[in-house]
Amino acid sequence: MSSVKFWPLLPAAGVGSRMQADRPKQYLSLNGHYLIDHTLAVMLAYPRFEQLVLVLSADDPYWAGSRFAAEPRIIRADGGAERCYSVLNGLAALEGLAAEDDWVVVHDVARPCLRHSDLDRLFSQLTDPGAILASPTRDTMKRGISQGAVSVIDHTVERAQLWHALTPQVFRYGQLRQALTLCLRDGFEVTDEASAMEHSGRQPLLVEGRSDNIKVTRPEDLALAEFFLAQD
Ligand code: C5P
């Protein structure tokens, strides 16, 4: 039997400036609980996960108020200046715990509406070099071009084969660490973990996920996330 493990890694060291709130968005209240607590509850309740890595700002004053602040299954790591540095710090915290071939499951803490059924689907299709949840683009897509203070349409982008990249994104521990390190060395801008793997010449699998797995980014997303969380 394979002893390959799954290690969730949750970057949660962002400031969430687009929320225009008085605190990082992971500590805003959703249905009476911190946003971060909803996401952690989903991950900690998934049977395949024993422990998880949580990347927090070193001087995070809010974490002590989380219902999971004393949770022994959480391994803490310190955040970095950009998301990719936060993820790398989280990977470093797994040194000596994770094997090279173990899977790391990177998930934005700002996506509290993730369902176990989406994790099931992702893992049932998981294959090398890794896979991400994604959702096919619904709207007609335009490429804009700046004209002074405004943007106008340059052209319509072919929608077939365009996907929104969601999380979780799942890669082998050793390969993901190497890929991120290579990007930093090359000065390549990492937008998500898949983009780092792509830069290494790999083609991760796209697994269709639910479109209610939203990333809370703007103030209007809070009510939507509360609505989705209240569904069965
Ligand atoms: O800002 P954005 O929503 O794109 O961030 C995605 C995730 O990455 C969030 O969970 C955020 O807390 C995390 N992040 C981080 N370290 C940073 C920037 C973002 O852990 N320096």
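**Notes on the predicted model**

1. Asn213 sits in the loop that runs between strand 11 (205-208) and helix 6. The model is a predicted one, and the points below should be read with that in mind.

2. Is Asn213 buried or exposed? Its relative accessible area is 2%, under the 20% cut-off, so Asn213 counts as buried. Leaving aside residues up to four places away in sequence, Asn213 touches His107, Arg111, Leu114, Leu133, Leu166 and Thr167.

3. The largest pocket has a volume of about 1300 Å³. It is lined by 45 residues, of which Arg18, Lys25, Asp108, Lys215 and Thr217 are the closest to its centre. Two or more lining residues come from each of strand 1 (6-12), helix 2 (83-93), strand 7 (131-136), strand 10 (163-172), helix 4 (173-186) and helix 6 (221-230).

4. Which element gives the most to the lining of the largest pocket? Strand 10 does, with 5 residues. By residue class, the lining of this pocket holds 17 nonpolar, 15 polar and 13 charged residues.

5. On the cysteines, the count of disulfides is 0. Cys84 is in no disulfide: the nearest cysteine sulfur belongs to Cys183 and is 8.0 Å away, whereas a disulfide calls for a pair of sulfur atoms within 2.5 Å.

6. Cys84 has a relative accessible area of 7% and is therefore buried. Cys113 is also buried, with a relative accessible area of 5%.

Notes: Residues are numbered from 1 along each chain as its sequence is written. This is a predicted model: local features need pLDDT of at least 70, side-chain atom pairs count only at pLDDT 80 or more; totals for chains, interfaces and linings use all residues. Side-chain values use heavy atoms; hydrogens and water are left out. On a 1 Å grid over the protein atoms alone, a cavity is a set of points where a 1.4 Å probe fits but cannot get out, and a pocket is an open set with protein on both sides within 12 Å along at least five of seven lines; lining residues have an atom within 4 Å of a point. Grid points are joined across faces, edges and corners, and a volume is the space filled by probe spheres set on the points. Helices (H or I, at least four residues) and strands (E, at least two) are DSSP runs, numbered from the N terminus. Ala, Val, Leu, Ile, Met, Phe, Trp, Tyr, Cys and Pro count as nonpolar, Asp, Glu, Lys and Arg as charged, and the others, Gly among them, as polar. Buried means under 20% relative accessible area, exposed over 50%, partly exposed in between (1.4 Å probe, protein chains only). Contact means heavy atoms within 4.5 Å.
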